Amino acid sequence: MIRRAVLIVLGLIWLGPTYLLLVNAARPAASYDPSKAWQPSGSFALFDNIARAIDSANLSDSLASTALYSIVSPTLGVLIGALAGYTIVVLRLRHGFWWFLLIFGGTIFPSQMLLVPLFVGYSDLGLYDTRGGLLLVYTAINVPLAAFVLRNFYSGVAFSIFEAARMDGATTWRIFWRIYLPLSVSALAAVFILEFTFIWNDLIFGLTLTQTEDVRPVMTALAGLMTDVYAGTPVPVGLAAGLMVSLPTVLLFLATQRLFARGLSLGSV
């Protein structure tokens, strides 16, 4: 009984910021009072605040760009990672472990270390402030995790499946596409969800590699809007924008949580 009460109290404390976000995002923009932040206003202006935020920061273009980045880059990343895992484990690439270390080793460096060389390189190659440039960097960042999970997954698949398919005359590519890729759907989905969330919430690369409204990710646009809160943008408008931007990742996780948990457990074999 005491443990349950403690858990309830801790849960309420943890949900406190969420309550503040919801209550104040739905508050009319002109009626915000910090001293009454915990009290519901009695009026519901959430959709009005969202519409105002979209108009103020032109979030529609940023949302479209972010949706493109968050779908295309993880898809390419998991496919390339699956190919890497398949080549290293199933095709038994010579010095495969060292190739895997080369792929995964790039993750040991903090992202901040990459910003200056990326900015200089993108400027020289004409990739700065382009959607293609961001798709490229996001895909490259996503490959190591996908390679790690899929390498572990394919290590648990019996090699006799590959041998039997080869004896039936299937090509290496056909075996991957028709056998190994369908087998790893759960692991692929788990990695895709993680990488979708990372890209959707990315701020640092968007700030460094973009400038225009139709290219920048939504978190960069949201950061600009929240900065404007101190220069006149009402707090409820900024909170409503934050709530709207966070919904896609929350809904994706709620819709796929069983598949996500199953995929992670398979990838840890």
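The model is predicted, with local features requiring a pLDDT of at least 70 and side-chain atom pairs counting only at pLDDT 80 or more, whereas totals for chains, interfaces and linings use all residues. Residues are numbered from 1 along each chain as its sequence is written, and side-chain values use heavy atoms, with hydrogens and water left out.

The protein has 12 helices and zero strands, where helices (H or I, at least four residues) and strands (E, at least two) are DSSP runs numbered from the N terminus. Read along the sequence, the pattern is accordingly α-α-α-α-α-α-α-α-α-α-α-α. Taken along the principal axes, the C-alpha atoms fill a box of roughly 75 × 60 × 30 Å. Of the 269 residues in the protein, 38% are buried; the term buried denotes under 20% relative accessible area, exposed denotes over 50%, and partly exposed lies in between (1.4 Å probe, protein chains only). Among contacts (heavy atoms within 4.5 Å) between residues at least 6 apart in sequence, 74% join residues at least 24 apart.

Pockets were identified on a 1 Å grid over the protein atoms alone, a pocket being an open set of points where a 1.4 Å probe fits, with protein on both sides within 12 Å along at least five of seven lines, and lining residues having an atom within 4 Å of a point. The largest pocket has a volume of about 390 Å³, a volume being the space filled by probe spheres set on the points, which are joined across faces, edges and corners. This largest pocket is lined by 17 residues, of which Gly106, Thr107, Ala140, Ile141 and Pro144 lie nearest its centre. Two or more lining residues are given by each of α4 (96-105), α5 (111-125), α6 (131-155) and α9, and the largest share, six residues, comes from α6. By class, the lining of the largest pocket has 12 nonpolar, four polar and one charged residues, where Ala, Val, Leu, Ile, Met, Phe, Trp, Tyr, Cys and Pro count as nonpolar, Asp, Glu, Lys and Arg as charged, and the others, Gly among them, as polar.

The second largest pocket holds about 170 Å³ of space and is lined by Thr18, Leu21, Leu243, Ser246, Leu247 and Val250. The elements that give two or more residues to this lining are α1 (2-25) and α12 (235-267), with the largest share, four residues, coming from α12.

Asp202 is placed in the loop between α9 (185-200) and α10 (204-209). Asp202 is buried yet has no salt bridge, and the nearest side chain of opposite charge, Arg216, is 12 Å away. Here a salt bridge is a side-chain nitrogen of Lys or Arg within 4 Å of a carboxyl oxygen of Asp or Glu, and Lys and Arg count as positive and Asp and Glu as negative, with His and the chain ends not counted. When residues up to four places away in sequence are not counted, Asp202 touches Tyr138, Pro217 and Met219.

Arg92, found in the loop between α3 (59-90) and α4, has a positive phi of about 55° although it is not a glycine, and Arg92 counts as exposed because its relative accessibility is 55%. Asp129, in the loop between α5 and α6, has a positive phi of about 60° and is likewise not a glycine, but Asp129 counts as buried because its relative accessibility is 15%.
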